[in-house]
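Reader: I would like to learn how to read strands and their pairing. Please take me through them step by step.

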Amino acid sequence: MKAILKRAPASLKDEPKNLPKRKTMSGRRKSDDNARTAKKLVGDIMKTRPGETVAITCDTESDEAFVSAAAEAATSFGARPIVIRVNAPPHVGRAAEPYLPLDSLVGAVRESDVWIELNGKWLLYSKVWEEAMQRKRTRYMCLVGMNSDMARRCIGEVDVGRVLDFQRKLQEVTKASKHMRYTTPGGTDVRFENDAKRPVLVEGDVSGPGEYMLFGQVDWAPLEESIEGTIAFDGSVNPPDELGLLRRPIKLDVKGGRVVGVRGGHEAVVYEKWLKSFNDEGMLKLAHLSYGCNPGAKLTGNVLEDERIWGVLEWGLGNQSGTFGAKEIVASSHSDGITLKPTLEADGSLIIRDGEFVHPALADSARALMPAKRKKPK
Ligand SMILES: [Fe+2]
């Protein structure tokens with residue numbers, strides 16, 4: 001036995017050095033997590049069927065491991081994936097168009113049954129999205145900036161059915177609310193009214209062709225002209241690229257749904273300059289408000305995840321999707337900002353207090369879903 005070991009080839013003896021056990025296992029674990037999560041996304045969430053065409057778009061900022069996992073998942077369901085990777089443009093939405101192979105993207109995406117957008121710089125609200133939505137063939141999900149870790153936390157480890165049930169309850173509570181006001185420790189104090197005829201969207205509940213966001217978010221467009229007060233982004237804001245996680249709040253003074261002033265430190269200066277750089281009045285208008293309710297999401301600076309943090313409220317500025325049944329504001333781009341630990345009051349009742357859903361119709365299911373670390377001991 002000893003003699004055999006002595007004669008072992010150098011490559012075999014070196015093997016433990018070249019392939020450290022921990023690294024190999026963690027790499028394998030990541031790849032297994034990706035495979036499981038991607039199957040949940042492509043199968044359970046996007047409801048992909050055999051024979052369907054699945055377009056997966058990505059760019060040079062995307063997590064290639066997760067892109068590949070999504071394509072493999074599509075194949076495993078008997079679908080036909082096509083992966084389209086572009087150079088990440090410097091802008092998002094319509095402003096990205098001059099930097100993209102637009103006609104090729106439009107052609108591929110609008111003729112697909114499923115479109116999973118894993119781009120770093122989003123195609124949402126660009127001509128690619130517009131034509132696909134007009135064609136009414138494609139089930140589209142916007143997963144911009146998704147990476148393997150986020151996918152595991154926000155999709156793989158989440159009980160999607162229970163989150164969607166909670167979202168439907170939140171939808172009902174919001175639909176029944178007219179006058180709203182919310183404050184945050186960061187300086188938000190804003191009032192607005194809802195139009196009962198406008199939809200409140202339960203994101204992630206894929207049920208046919210159309211535009212879907214990842215579950216863990218409920219959003220709507222309040223009556224634009226009624227939005228008055230101060231909105232203090234104190235979690236993150238994106239775009240522009242220069243911003244992300246915020247050191248100091250960016251305070252937006254709002255009148256009639258339009259930003260009339262931007263206050264704060266250096267980040268506020270950068271944000272105001274970016275909003276005004278488009279020379280587009282639409283970029284100063286508030287487009288939507290969203291609740292975050294994905295128990296796996298945490299503050300990372302990535303808007304896809306940040307806007308789903310349990311109990312946050314997020315405002316979008318700029319282009320306004322037609323799905324909101326509102327004014328369909330057309331703008332060069334779109335930006336989202338997160339307000340942390342809101343206390344939201346609707347017609348005299350509390351829906352959220354300090355970032356926790358406390359409304360009687362929500363409290364029990366919220367407690368069952370909320371991240372374990374936030375549950376208070378009895
Ligand atoms: Fe938004």
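**Strands and hairpins**

Author: Strand 17 (residues 343-346) and strand 18 (residues 349-353) form an antiparallel pair with three bridges. A strand is a DSSP run of E with at least two residues, numbered from the N terminus, and two strands pair if DSSP finds at least two bridges between them. This is a predicted model, in which local features need pLDDT of at least 70, side-chain atom pairs count only at pLDDT 80 or more, and totals for chains, interfaces and linings use all residues. Residues are numbered from 1 along each chain as its sequence is written.

Reader: Which residue stands opposite S349 in strand 18?

Author: A346 does. The hairpin of strands 17 and 18 has two residues between the strands, and D347 takes a positive phi near 50° there.

Reader: In which sense do strand 18 and strand 19 pair?

Author: Strand 18 pairs with strand 19 (residues 356-357) in the antiparallel sense, over two bridges. R353 has E356 of strand 19 as its bridge partner. This hairpin also has two residues between its strands, with D354 at a positive phi near 50°.

Reader: What is the order of the strands in the open sheet?

Author: The five strands of that sheet run in the order 2-1-3-4-8, with parallel pairing. Its edge strands, strand 2 (80-86) and strand 8 (210-213), each pair on one side only.

Reader: How many bridges join strand 1 and strand 2?

Author: Seven bridges join strand 1 (residues 53-59) to strand 2 in the parallel sense. Among the residues involved, T57 has I84 in strand 2 as its bridge partner.

Methods
Helix = DSSP H or I, 4+ residues; strand = E, 2+ residues; numbered from the N terminus.
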